[in-house]
Amino acid sequence: MSSKKQQRQALILDIIANETVNSQDGLMRALNDAGVQVTQATVSRDLNELRLVRQLNQQGELTYQSLEADIDDEHFQLNPAQIRLITSIEVIEFMIVVKTANSNGNRVAALIDEANFEQIVGTLAGHDTIFVMTHSAEEAKIVSQQMQSWL
């Protein structure tokens with residue numbers, strides 16, 4: 001990654017940590033105010049690479065926030081913003097169906113993939129639904145219980 005891109009992305013993280021930014025246009029304005037000229041396409045790519053999504057903050061305002069998971073040596077955990085994205089988890093035989101808030105299926109599936117469950121064969125995500133496939137019904141129960149512990 002280029003130094004210029006790293007600096008721009010670091011600035012984006014700083015901006016969203018200190019300001020309420022609720023649109024790509026707003027983020028472009030904040031970057032321009034900081035002396036960084038960007039296009040909408042660049043901002044969109046940066047938001048995707050940084051895993052930033054619009055979520056309600058503590059004041060009830062829709063604002064960009066990080067979707068990074070907290071990963072340590074022993075446990076994979078979702079942060080509170082991520083937990084709000086999951087609306088239900090249901091085991092059906094060797095599969096787990098995870099329902100999410102609208103437009104968040106792919107983001108939550110990526111987080112599930114990051115958890116590196118040895119029991120998971122793969123995930124398939126749509127707009128608000130994720131199918132998580134395991135080898136057996138028993139493995140699906142194990143994974144589902146871990147996911148439920150996130151909530």
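**Confidence, helices and sheet**

Analyst: This is a predicted model. Its chain has a mean pLDDT of 84, and 87% of the residues reach 70 or more.

User: Where in the chain is confidence lowest, and where is it highest?

Analyst: The lowest mean, 47, belongs to strand β3 (residues 70-71), and the highest, 96, to strand β8 (residues 129-134). Over residues 70-74 the pLDDT is below 50, and beyond near neighbours in sequence this stretch has six contacts in the model.

User: Why is α1 called roughly perpendicular to α2?

Analyst: Helix α1 (residues 3-18) and helix α2 (residues 24-33) pack at about 115°, with axes 11 Å apart. Angles of 65 to 115 degrees count as roughly perpendicular, so α1 is roughly perpendicular to α2. The crossing of α1 past α2 is right-handed.

User: What makes the contact of α1 with α2, and which classes do its residues fall into?

Analyst: From α1 come Arg8, Leu11, Ile12 and Ile15, and from α2 come Leu27, Ala30 and Leu31. By class, six are nonpolar, none is polar and one is charged. Arg counts as charged, while Leu, Ile and Ala count as nonpolar.

User: Why is α1 also called roughly perpendicular to α3?

Analyst: The angle between α1 and helix α3 (residues 40-50) is about 75°, and their axes are 11 Å apart. The range for this term is 65 to 115 degrees, so α1 is roughly perpendicular to α3.

User: Which residues meet there, and how many are charged?

Analyst: Lys5, Arg8, Gln9, Ile12 and Leu13 in α1 meet Thr42, Asp46, Glu49 and Leu50 in α3. This contact has four charged residues, along with three nonpolar and two polar ones.

User: What makes β5 and β7 edge strands of the sheet?

Analyst: The open sheet has four strands in the order β5-β6-β8-β7, with antiparallel pairing. β5 (86-92) and β7 (120-125) each have a single partner strand, so one side of each lacks a neighbour in the sheet. On average, neighbouring strands are turned by 15° against each other, direction ignored.

User: How do you know that β5 and β6 pair?

Analyst: Two strands pair if at least two bridges are found between them. β5 and strand β6 (residues 95-100) have six bridges, in the antiparallel sense. In β6, Val97 is the bridge partner of Glu90.

User: Which helix packs on the sheet, and which strands does it touch?

Analyst: Helix α5 (residues 105-114) packs there and touches β5, β6, β7 and β8. The direction of α5 makes about 165° with that of β7.

Technical notes. Residues numbered from 1 in each chain as written. Predicted model: local features only at pLDDT ≥ 70, side-chain atom pairs only at ≥ 80, totals over all residues. Heavy atoms only, no water. Axes fitted to C-alpha atoms, helices over the stretch in contact; angles between N-to-C directions. Helix = DSSP H or I, 4+ residues; strand = E, 2+ residues; numbered from the N terminus. Parallel < 35°, antiparallel > 145°, perpendicular 65-115°, else oblique. Left-handed = near helix turned anticlockwise from the far one by under 90°. Contact = heavy atoms within 4.5 Å. pLDDT = per-residue confidence, 0-100.
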